[in-house]
Amino acid sequence: MIPPSLPDDEATRLADLHSLAMLDTAPEERFDRLTRVARTLFDTPLALVSLIDADRQWVKSGVGDYRHESSREISFCGHAILADDILVVPDAAEDPRFYDNPLVTGEPYVRFYVGRPLRVNGRSKVGTLCLMDSKPRQFSDQDRRLLEDLAVMAEQELTAVAMATTDRLTGLLNRQGFELLASQSLRMCQRMKRPASLLFFDMDRFKAINDQFGHEEGDRALNTFAGLLRTSFRGSDLIARLGGDEFAVLLIDSAADGMAEPVNRFRQRLAEQGGHDGPPYELRCSIGFAAYAPGSEPDLTALLVEADRQMYAEKGNRR
């Protein structure tokens with residue numbers, strides 16, 4: 001086994017890592033979504049967002065049976081941050097750096113590893129987005145491009161930690177965070193020639209809730225609405241509160257003909273909020289839709305304008 005050496009910028013790298021204040025913190029949906037997508041797209045048992053501290057590897061997000069923390073000396077990711085490109089290990093048992101590594105000879109019996117370094121603010125490589133399997137595999141050029149797209153999104157999430165792209169009330173993405181990640185997601189769809197769908201939500205009569213029951217109850221209504229969006233859509237979908245009583249969901253690899261089911265599920269759950277055990281008012285909303293066609297030029301602004309237009313049309317029809 002060959003332990004990873006230290007990068008030339010180790011002192012700066014550690015300072016940037018620690019400035020994020022992410023080590024030993026709870027899981028976050030923004031990273032969990034990416035590891036779920038990575039595991040699904042590449043069909044690997046393990047997908048991780050890991051951070052490399054001074055003497056340990058710590059996992060911020062992972063799917064599969066993984067260790068939350070391990071020694072940097074035996075970490076594959078410690079090697080991955082030494083290069084600018086993606087590190088691909090097709091068969092760890094045949095690699096002199098890893099063949100007798102305890103992660104190879106014992107649980108989780110790593111044979112295949114791919115790790116793409118994650119930079120903060122385009123500078124320090126603080127960790128990786130990585131994939132692992134217990135059997136040897138190859139990694140194609142198309143796989144590289146896809147992992148690169150996901151890694152860019154992970155880097156944007158790292159940067160977003162310091163950019164306050166999360167809505168403080170609901171915990172969803174705010175407008176800035178949504179525009180950042182949705183634009184990148186649409187570019188990925190363009191490259192992969194996959195469809196995407198944008199839903200725009202506006203809560204009906206929200207001002208009346210504030211006026212009649214007070215702003216504290218209005219905040220509860222917003223949080224309830226946000227929670228229903230989370231449970232009605234997929235973990236890989238981008239869900240945001242754009243401001244006030246406006247919300248949006250971007251569904252990647254989802255065509256227009258697949259929207260009825262999640263929208264109906266959401267409407268049903270929204271209707272169930274009223275009644276004896278629910279709030280003293282009925283939650284309602286108007287919904288607009290816009291579709292991104294596979295291979296076309298991605299334009300998030302145009303999609304938002306179209307979905308907003310359709311939402312107002314639905315609201316007008318109700319009146």
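User: In this predicted model, are Arg 241 and Asp 167 buried or exposed, and how many residues apart in sequence are the parts that the pair ties together?

Analyst: In this predicted model, Arg 241 is buried, and Asp 167 is buried as well. The two residues form a salt bridge in which the closest N and O atoms are 3.3 Å apart. Since Arg 241 belongs to strand β8 (residues 238-243), whereas Asp 167 sits in the loop between α5 and α6, the pair ties together parts whose separation in sequence is 74 residues.

User: Which helix holds Lys 315, the residue whose side chain meets that of Asp 204 in a salt bridge?

Analyst: The side chains of Lys 315 and Asp 204 meet in a salt bridge with an N to O distance of 2.4 Å, and both residues are buried. Asp 204 lies in the loop between β7 (196-203) and α7 (206-213), so the pair ties together parts that are 111 residues apart in sequence, and the helix that holds Lys 315 is α10 (residues 300-318).

User: Is Glu 28 buried or partly exposed, and what is the relative accessible area of its salt-bridge partner Lys 60?

Analyst: Glu 28 and Lys 60 form a salt bridge, with their closest N and O atoms 3.0 Å apart. This pair links distant parts of the chain, because Glu 28 is in the loop between α1 (10-19) and α2 while Lys 60 is in strand β2 (residues 56-63), 32 residues apart. Glu 28 has a relative accessibility of 25% and therefore counts as partly exposed, since buried means under 20%.

User: How many salt bridges does the count come to, and which residues do salt bridges that share partners join into one network with Glu 28 and Lys 60?

Analyst: The count comes to 33 salt bridges. Through salt bridges that share partners, Glu 28 and Lys 60 are joined into one network with Arg 30, Arg 33 and Glu 157.

User: Which element supplies the largest share of the lining of the largest pocket?

Analyst: The largest pocket has a volume of about 330 Å³ and is lined by 20 residues, with Val 37, Leu 41, Ser 236, Ile 252 and Asp 253 lying nearest its centre. By class, this lining has 11 nonpolar, three polar and six charged residues. Helices α2 (29-42), α5 (141-163) and α6 (175-192) each supply at least two residues of the lining, and the largest share, six residues, comes from α2.

User: Why is strand β5 described as largely enclosed by the rest of the structure, and which residue of β6 stands opposite its Arg 116?

Analyst: Strand β5 (residues 112-120) is largely enclosed because eight of its nine residues are buried. It runs antiparallel to strand β4 (residues 87-89), with three bridges joining the two, and Val 88 has Val 114 in β5 as its bridge partner. Nine bridges join β5 to strand β6 (residues 124-133), and these two strands also run antiparallel. In this second pairing, the residue of β6 that stands opposite Arg 116 is Leu 129.

User: Which residue in the hairpin of β5 and β6 takes a positive phi?

Analyst: The hairpin of β5 and β6 has three residues between the strands. The residue that takes a positive phi, near 55 degrees, is Asn 121.

How values were computed:
Residues numbered from 1 in each chain as written. Predicted model: local features only at pLDDT ≥ 70, side-chain atom pairs only at ≥ 80, totals over all residues. Heavy atoms only, no water. 1 Å grid on protein atoms, 1.4 Å probe; cavity = no way out; pocket = protein on both sides within 12 Å on 5 of 7 lines; lining within 4 Å. Points joined across faces, edges and corners; volume = space filled by probe spheres on them. Helix = DSSP H or I, 4+ residues; strand = E, 2+ residues; numbered from the N terminus. Nonpolar A, V, L, I, M, F, W, Y, C, P; charged D, E, K, R; others polar. Salt bridge = Lys/Arg side-chain N within 4 Å of Asp/Glu carboxyl O. Buried < 20%, exposed > 50% of the residue type's maximum accessible area, 1.4 Å probe, protein only. Pairing = 2+ DSSP bridges.
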